[in-house]
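Open your viewer, load the model and keep the selection tool at hand. We will walk from stop to stop, selecting a few residues each time and looking at what is there.

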Amino acid sequence: MNKFEKAFEQELSYITDNTFKGYIVKFLDTCPDWILSSPSSSTGKYHPADEINEMGMIIHVKRCVAMALEYSRLKDMTHRQTDVLIAGCMLHDVYKAGKTERINFTSPVHALDVYNALTEFTLNNIGMNIYNDMFKVLAWLCLNHEGVWNIIQSKDIQRPNVVFNWGNLEEGIHLIDYMVSRRSIWESMQTIMTAEEYNKIHAD
């Protein structure tokens, strides 16, 4: 069991297709593990405060996967769609702190790096089957997880044309990543109302 499997044992268990899960674990074996001791944000400008430390990226991924599970229920997704969305939430930032060497800032091309790595992995490891389609979609989700902030990197890459029905998962992963990353949301959920504020409402 590598460090990624240890860090995301629970999250991996949510992937229902064991063959697909095996490919995800195999891909993680190729990834640098320094992302597991990196903050989710190098600036701390928007992300929750508890993610601006060495545990930050692990916390971020766990929150994304938790949100993905609820999003999949809301959208009544198939098991395969949910599996790909969970995998996207796990992998989208895997090169955020650098691919070949560790850096102390967010790599501006980390989404493209993940896309290229997943595309190469698919060509070298997966035959022409449903998992090939799923990995093509997975690569596309990772490329587009930044939404409007990633138009330049993805503008010359075509949306996958696959048999696998994947709906509009790129909107899902962008929404999940964005909402999970907003410090204002987490802070407001934790401090919706104090006892003092409640008592003022009901004071005579």
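What follows is a tour of a predicted model, one selection at a time.

**Stop 1: the start of the chain**

Select asparagine 2, which sits in the segment before helix 1 (3-7). Is asparagine 2 buried or exposed? With a relative accessibility of 17%, asparagine 2 counts as buried, because the cut-off for buried is under 20%. Now show its surroundings: leaving out residues up to four places away in sequence, asparagine 2 touches Val25, Leu28 and Asp29.

**Stop 2: a group of rings**

Next, select Phe20, Tyr23, Phe27, Phe121, Tyr131 and Phe135, and show their side chains: together they form one aromatic cluster. How many aromatic pairs does the model have? The count comes to five. Zoom in on phenylalanine 20 and phenylalanine 135, an edge-to-face pair with 5.5 Å between the centres and 65° between the planes. Phenylalanine 20 belongs to helix 3 (residues 18-28) and phenylalanine 135 to helix 7 (residues 130-143), so this pair ties together parts that lie 115 residues apart in sequence. Both phenylalanine 20 and phenylalanine 135 are buried.

Tyrosine 23 counts as buried at 18% relative accessibility, while phenylalanine 135 is buried with a relative accessible area of 0%.

**Stop 3: along helix 6**

Now select residues 110-125, which make up helix 6. What span should you expect for its 16 residues? At 1.5 Å a residue, helix 6 should span 22 Å, and its end C-alpha atoms are 22 Å apart, which agrees. Colour the buried residues of this helix: His110, Ala111, Asp113, Val114, Tyr115, Ala117, Leu118, Phe121 and Thr122. As you look along any such helix, keep in mind that an α-helix has 3.6 residues a turn, so residues three or four places apart point the same way.

Pick out threonine 122 in helix 6. Threonine 122 is buried, with a relative accessible area of 4%. Setting aside its neighbours within four places in sequence, threonine 122 is in contact with Asn132 and Phe135.

**Stop 4: the nonpolar core**

The largest nonpolar core holds 54 residues, and those with the most contacts inside it are Phe20, Ile24, Val84, Leu118, Phe135 and Leu138. Which helix gives the largest share of this core? Helix 7 does, with ten residues. Click on leucine 138 and show what surrounds it: beyond its neighbours within four places in sequence, leucine 138 is in contact with Phe20, Ile24, Val84, Ala87, Gly88, Leu91 and Leu118.

**Stop 5: an enclosed helix**

Select helix 5, whose 13 residues reach 18 Å from first C-alpha to last, close to the 18 Å expected at 1.5 Å a residue. Eleven of these 13 residues are buried, so helix 5 is largely enclosed by the rest of the structure. Among the buried ones are Gln81, Thr82 and Asp83.

**Stop 6: a loop and a charge**

Move to aspartate 76, in the loop between helix 4 and helix 5. Aspartate 76 is exposed, with a relative accessible area of 67%. Its backbone deserves a look: most residues other than glycine have a negative phi. Aspartate 76 has a positive phi of about 55°, although it is not a glycine.

Arginine 182 lies over the face of tyrosine 178, at 4.3 Å from the ring centre.

Notes:
Residues are numbered from 1 along each chain as its sequence is written. This is a predicted model: local features need pLDDT of at least 70, side-chain atom pairs count only at pLDDT 80 or more; totals for chains, interfaces and linings use all residues. Side-chain values use heavy atoms; hydrogens and water are left out. Helices (H or I, at least four residues) and strands (E, at least two) are DSSP runs, numbered from the N terminus. The expected span of a helix is 1.5 Å times one less than its number of residues. Buried means under 20% relative accessible area, exposed over 50%, partly exposed in between (1.4 Å probe, protein chains only). Rings of Phe, Tyr and Trp (its six-membered ring) pair if their centres lie within 6.5 Å; planes under 30 degrees apart count as stacked, over 60 as edge-to-face and the rest as tilted. A charge sits over a ring if NZ of Lys or CZ of Arg is within 6 Å of the ring centre and within 35 degrees of the ring normal. Contact means heavy atoms within 4.5 Å. A nonpolar core is a set of buried Ala, Val, Leu, Ile, Met, Phe, Trp, Tyr and Cys residues joined through side-chain atoms within 4.5 Å.
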